[in-house]
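Let's walk through this structure together, one chain at a time. Please keep the view open while you read.

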Amino acid sequence: MDNNLNSIVINNSDTIVKDWLEQVSKNRKNDYTSTISEELFESTNRQFVNVIFSSLEKQGISTELDDFSERLINLGWPLSYLTDGLQAFRRVTINFILSQSEQVDSEYLSEVLDMVDNWVDPIINQLVNEYSGSWEHIVSLQQVALQELSAPLIPVMENITVMPLIGTIDTERAKLIMENLLEGVIKHNAEVVLIDITGVPVVDTMVAHHIIQAAEAVRLIGSTCILVGIRPEIAQTIVNLGIDLGKFPTKSSLKKGFKTALELTNRRIVKSENSDEGIEKLLDSLDRE
Amino acid sequence: MDFQSCVKIQKEWDIVGARQMGREYAKEIGFGTVDQARIATAISELARNIYLYAGKGKVCFETIDEINHKGLCVVALDDGPGIQDISQVMEDGFSTSGGLGAGLPGVRRLMDQFDIISQPGKGTEIRTVKWVR
């Protein structure tokens, strides 16, 4: 019986494909694939239906299905194209089989439904798995990338390092900041660490608390922490919240903080006076030659 | 009561979603950058309290547009354990989680209106309003 149904479908694949293509093109008008060119859409439909039939003939998941789904994922086709397509295929096939049968009782109907489900469901599962697998992969890659960016420490000068923070600080990141900060201070032998919060959108009590703790920890290992990049609106919210940041120096900009850091390490920026002369002499000597 | 929109708070990153939505509303209504930062910070505190103490809840927004004043109403709702002693949590420096204890009193100072209803075992509702000046 099963094989019988199977052969009905395979022998009449042309009709089913035709019906299916009609269905899919009809669905197309009101949805996502409208930006895709007509030719591409049609050729993809053909491939899709070929893949469906090849996995029907082989009675299982074929490598063609793998290749096909991989290609669609790479091209960025929506998953709903595939699931809609398979739903349409299910409907078309059931309708076709029923129209071919002379008499339809409930037993036969349930058998046909079962049969078609057994063809279509594994394909849907496979495709959804492939798609979600690729999404999970992307998310995990981005998480790693984000973590690498989350708490960088830059040794800008002997004894002075800078930690620029950009974006939201959550508990996970706060932990990383603390670890990197302390590790870096020891590694680069830093006397002064500048934490730049120019790029932090909101400083609430949690963020402030973590910064205070980090600064206190840096003080314990014998260095000074300067908080820089406090924008005017952030300064006001910190005051409103009633947070005391008085235990360590703070500055409005990295530039000012850097100056203070130089002063703390007994250095300053000096403008060299004879640089222009040097260049002129060089030019003169070039002219002479 | 129906709100214009609500953000569910379940994960730590939902806090970011809530305050981004709040900031957008604040911008739309016409708050200045300082008030936008105040509102975003207040939402951050309220949402974090939900995340830390109640586990899950929601932050809702309602724009107020009356003839002579405009503003944004931010409501934090949860079905968490509630607050035993409200006067205690409104004191600066009180915290059960080792934090700074500036959250709720800070929110009261950041916003213009602040109402808190809480029943132990039933949940907490905090309703705050900021007016455009």
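The UniProt record, an unreviewed entry, places the annotation "domain: STAS" on residues 150-261 of chain A; UniProt positions are given in the numbering used here, feature names are shortened, and annotations may be inferred rather than shown by experiment. The model is predicted: local features need pLDDT of at least 70 and side-chain atom pairs count only at pLDDT 80 or more, while totals for chains, interfaces and linings use all residues. Residues are numbered from 1 along each chain as its sequence is written, and chains are lettered from A and ligands numbered from 1 in the order in which they are written.

Within chain A, the span of residues 150-261 is 46% helix and 21% strand, and its end C-alpha atoms lie 23 Å apart. Chain A has 11 helices and four strands (helices are DSSP runs of H or I with at least four residues, strands are runs of E with at least two, and both are numbered from the N terminus). With a radius of gyration of 34 Å, well over the 19 Å that the globule rule gives for 289 residues, chain A is more spread out than a compact globule (the radius is taken over C-alpha atoms, and the rule is 2.2 Å times the number of residues to the power 0.38). The C-alpha trace of chain A spans about 100 × 65 × 35 Å along its principal axes. Of its 289 residues, 26% count as buried, meaning that 20 or more other C-beta atoms, placed from the backbone, lie within 10 Å of the residue's own.

Now look for the strands of chain A. Four of them form an open sheet in the order β1-β2-β3-β4, with mixed pairing; two strands pair if DSSP finds at least two bridges between them. At the edges are β1 (154-157) and β4 (224-228) of chain A, each pairing on one side only. Neighbouring strands of this sheet are turned by 30° against each other on average, direction ignored (axes are lines fitted to C-alpha atoms, for helices over the stretch in contact, and angles run from 0 to 180 degrees between N-to-C directions). Strand β3 (residues 192-199) of chain A runs parallel to its partner β4(A), over five bridges. In β4(A), A:Ile226 is the bridge partner of A:Leu194.

Where do chains A and B meet? The contact takes 17 residues from chain A and 21 residues from chain B, with two residues in contact if their C-beta atoms, placed from the backbone, lie within 7 Å. On the side of chain A that touches chain B, α8 (205-220) and α9 (232-241) of chain A each supply at least two residues. The largest share, six residues, comes from α9(A).

Five strands of chain B form an open sheet in the order β1-β2-β3-β5-β4, and the pairing is antiparallel. Because β1 (5-9) and β4 (113-119) of chain B stand at the edges with a single partner strand each, one side of each is left without a neighbour in the sheet. β4(B) pairs with strand β5 (residues 123-131) of chain B over seven bridges, in the antiparallel sense. Here B:Ile116 stands opposite B:Ile126 in β5(B). Helix α1 (residues 12-29) of chain B packs on the sheet, touching β1, β2 (57-65) and β3 (70-78) of chain B.

Definitions and conventions: Buried ≥ 20, exposed ≤ 12 C-beta atoms within 10 Å, placed from the backbone.
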